[in-house]
Amino acid sequence: MSQKIELDDVDRKLLKALSDDARASGTALASAVGISESTVSLRLKRLKTLGVIRGFRVDIDAAAVGIPLQALISIRLAKHDRAEIDAFTAAAPRFPGVVRMYHMAGADDYLLHIVASDTEAVQSFVLDYLTRYPAVAHTRTNLIYRVQDGEEWIPTEP
């Protein structure tokens, strides 16, 4: 579990500016936040070191590159054997098409966000990758019609 990092107003403004445009230049960030470029550089380095900023990623439109289908697959384990859980946790993010994996509490143990070319590819994914793990007892697949990012989750107040 991560430890909460105390953010000041400058940190929060910088995170908001980065969430709007992660490719913004140091000059643009300095202007948006009202600080010098050298301060931007120091703040970014600090936020990365503390683990607040985990990285920068490109947001690819899967449909635009010929992968039009997205799905969320809920996975319930039959038993909670540490070795089997560790094996599944290590392997699943590397399965082809996995965008993100969530290990959760509740009725289901994992949620996989995947992309696929069609429903047959989703079925093959479940059969070829999920059912081969003895710990997997049940899967439930939900197709995604549209994905829309939230816009107001960056902390703006202490």
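**Setting up**

I note that this is a predicted model, in which local features need pLDDT of at least 70 and side-chain atom pairs count only at pLDDT 80 or more, while totals for chains, interfaces and linings use all residues. Residues are numbered from 1 along each chain as its sequence is written, and side-chain values use heavy atoms, with hydrogens and water left out.

**Overall layout**

I counted five helices and four strands in the chain. Helices here are DSSP runs of H or I with at least four residues, strands are runs of E with at least two, and both are numbered from the N terminus. From the N terminus, the order of elements is α-α-α-β-α-β-β-α-β. I then checked the spread. The radius of gyration is 20 Å, well over the 15 Å that the globule rule gives for 158 residues, so the chain is more spread out than a compact globule. That radius is taken over C-alpha atoms, and the rule is 2.2 Å times the number of residues to the power 0.38. The C-alpha trace spans about 55 × 35 × 25 Å along its principal axes.

**The sheet**

I went to the strands next. Four of them form an open sheet in the order β2-β3-β1-β4, with antiparallel pairing. Two strands count as paired if DSSP finds at least two bridges between them. β2 (98-103) and β4 (136-144) are the edge strands, each with a single partner, so one side of each has no neighbour in the sheet. From one strand to the next, the twist averages 20 degrees.

I took the pairs in turn. β1 (residues 69-77) and β3 (residues 110-116) run antiparallel and are joined by seven bridges. Ile75 has Tyr110 of β3 as its bridge partner. Gln70 is bridged to Val115 in β3. Eight bridges join β1 to β4, again antiparallel. β2 and β3 pair over five bridges, also in the antiparallel sense. Met101 has Leu112 of β3 as its bridge partner. I looked at the hairpin of β2 and β3 too: six residues lie between the strands, and Gly106 takes a positive phi near 120 degrees.

Which helix lies across the strands? I found α4 (residues 82-91) across β1, β2, β3 and β4, running at about 30 degrees to β3.

Axes are lines fitted to C-alpha atoms, for helices over the stretch in contact, and angles run from 0 to 180 degrees between N-to-C directions. Contact means heavy atoms within 4.5 Å.

α2 (residues 26-33) packs on α3 (residues 37-49) at about 95 degrees, with the axes 8 Å apart. This makes α2 roughly perpendicular to α3. The classes I used are: under 35 degrees roughly parallel, over 145 roughly antiparallel, 65 to 115 roughly perpendicular, and the rest oblique. On the α2 side I found Gly26, Thr27, Leu29 and Ala30, meeting Glu37, Val40 and Leu44 in α3. This contact has four nonpolar, two polar and one charged residues. Ala, Val, Leu, Ile, Met, Phe, Trp, Tyr, Cys and Pro count as nonpolar, Asp, Glu, Lys and Arg as charged, and the others, Gly among them, as polar.

α1 (residues 9-20) packs on α2 at about 130 degrees, with the axes 9 Å apart. That makes α1 oblique to α2. Val10, Lys13, Leu14, Ala17 and Leu18 of α1 touch Leu29, Ala32 and Val33 of α2. I sorted the residues of this contact of α1 with α2 into seven nonpolar, no polar and one charged.

α1 and α3 pack at about 85 degrees, with the axes 11 Å apart. That makes α1 roughly perpendicular to α3. Val10, Asp11, Leu14, Leu15 and Leu18 of α1 meet Val40, Arg43, Leu44, Arg46 and Leu47 of α3. The contact of α1 with α3 divides into seven nonpolar, no polar and three charged residues.
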